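Please keep the structure in view while reading.

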Amino acid sequence: MQPADLEAVAALTKRADPFGWTLRNFSDALAAGNTLTVIEEEGAAAGIAAVMHVIDECELLEIAIDPDRQGRGLGKRLLEEAMRLARANGAVRMFLEVRESNARARKMYTSHGFEQTGRRKNYYPTAEGREDAVLMTASLA
Ligand SMILES: CC(C)(COP(=O)(O)OP(=O)(O)OC[C@H]1O[C@@H](n2cnc3c(N)ncnc32)[C@H](O)[C@@H]1OP(=O)(O)O)[C@@H](O)C(=O)NCCC(=O)NCCS
């Protein structure tokens, strides 16, 4: 991801997830040296993944596909590329947090080797109240 991608990436993330990252979050992550990967389709940004590295572990901080392009395999390809890059950067494990209600994302993570390792009660805000975060981990070894 380049600074020139910021607006398109922030716009698609806002459409994909009302609670997702803002332009400021992406800009801060770029400045902090996180690994930000854009997947393009027909020359346009179609999705974004953000990964933070800490020594030999990493965390998937954000992943989103433009709603107009979801359900066609782009999310899987982006997750696989994020895991490949993390492995190439020396990470042996990847962590993430996902809303309990996000069945689509949880299924994608499970089919890519992620296992549930914990839960944070009432972690995320929702339109009606709060919901749990499910903590997941995958080995990259
Ligand atoms: C989660 C997200 C990134 C997946 O991207 P996508 O391009 O729609 O997903 P893909 O087409 O690559 O499908 C990936 C897997 O998701 C699951 N999936 C896809 N569509 C689904 C649906 N309608 N219902 C249930 N599971 C579904 C399947 O497991 C699928 O794998 P399979 O085809 O081998 O069964 C995307 O839906 C998104 O941006 N959601 C909003 C933001 C978000 O929730 N991010 C995750 C935060 S932790």
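Leaving aside residues up to four places away in sequence, Met94 touches Cys58, Leu60, Met83, Ala86, Ala138 and Leu140, where a contact means that the C-beta atoms of two residues, placed from the backbone, lie within 7 Å. The model is a predicted one, in which local features need pLDDT of at least 70 and side-chain atom pairs count only at pLDDT 80 or more, while totals for chains, interfaces and linings use all residues. Residues are numbered from 1 along each chain as its sequence is written.

**Core**

Met94 is also, with Ala49 and Ala82, among the residues with the most contacts inside the largest nonpolar core, which has 35 residues. Such a core is a set of buried Ala, Val, Leu, Ile, Met, Phe, Trp, Tyr and Cys residues joined through C-beta atoms within 7 Å; a residue is buried if 20 or more other C-beta atoms lie within 10 Å of its own, exposed if 12 or fewer, and partly exposed in between, with C-beta atoms placed from the backbone. Strand 2 gives the largest share of this core, 6 residues. In soluble globular proteins, nonpolar side chains tend to be buried together.

**Sheet and helices**

Helices (H or I, at least four residues) and strands (E, at least two) are DSSP runs numbered from the N terminus, and two strands pair if DSSP finds at least two bridges between them. An open sheet of 6 strands runs in the order 1-2-3-4-6-5 with mixed pairing. Its edge strands, each pairing on one side only, are strand 1 (35-41) and strand 5 (115-125), and the twist averages 25 degrees from one strand to the next. Angles run from 0 to 180 degrees between N-to-C directions, with axes fitted as lines to C-alpha atoms, for helices over the stretch in contact.

Strand 4 (residues 93-99) and strand 6 (residues 130-139) pair in the antiparallel sense over 7 bridges. Strand 5 and strand 6 likewise pair in the antiparallel sense over 7 bridges, and these two strands form a hairpin with 4 residues between them. Some bridge partners in strand 6 are listed below.

| Residue | Bridge partner in strand 6 |
|---|---|
| Met94 | Ala138 |
| Phe95 | Thr137 |
| Gln116 | Met136 |

Helix 1 (residues 6-16) lies across strand 1, strand 2 (44-54) and strand 3, running at about 90 degrees to strand 2. Helix 4 lies across strand 4 and strand 6, and runs at about 160 degrees to strand 4.

**Ligand shell**

The ligand is surrounded by 20 residues, of which Gln70, Gly75, Lys76, Lys107 and Met108 are the closest; a residue is near a molecule if its C-beta atom, placed from the backbone, lies within 6 Å of it. Strand 3 (57-65), helix 3 (74-88) and helix 4 (103-110) each supply at least two residues of this shell, and the largest share, 5 residues, comes from helix 4. By type, the shell divides into 9 nonpolar, 6 polar and 5 charged residues, with Ala, Val, Leu, Ile, Met, Phe, Trp, Tyr, Cys and Pro counted as nonpolar, Asp, Glu, Lys and Arg as charged, and the others, Gly among them, as polar.

**Positive phi values**

Glu42, in the loop between strand 1 and strand 2, has a phi near 50 degrees, a positive value in a residue other than glycine. Glu42 counts as exposed because it has 6 C-beta neighbours inside 10 Å. Asn122, which lies in strand 5, has a positive phi of about 50 degrees although it is not a glycine, and Asn122 counts as exposed because it has 11 C-beta neighbours inside 10 Å.
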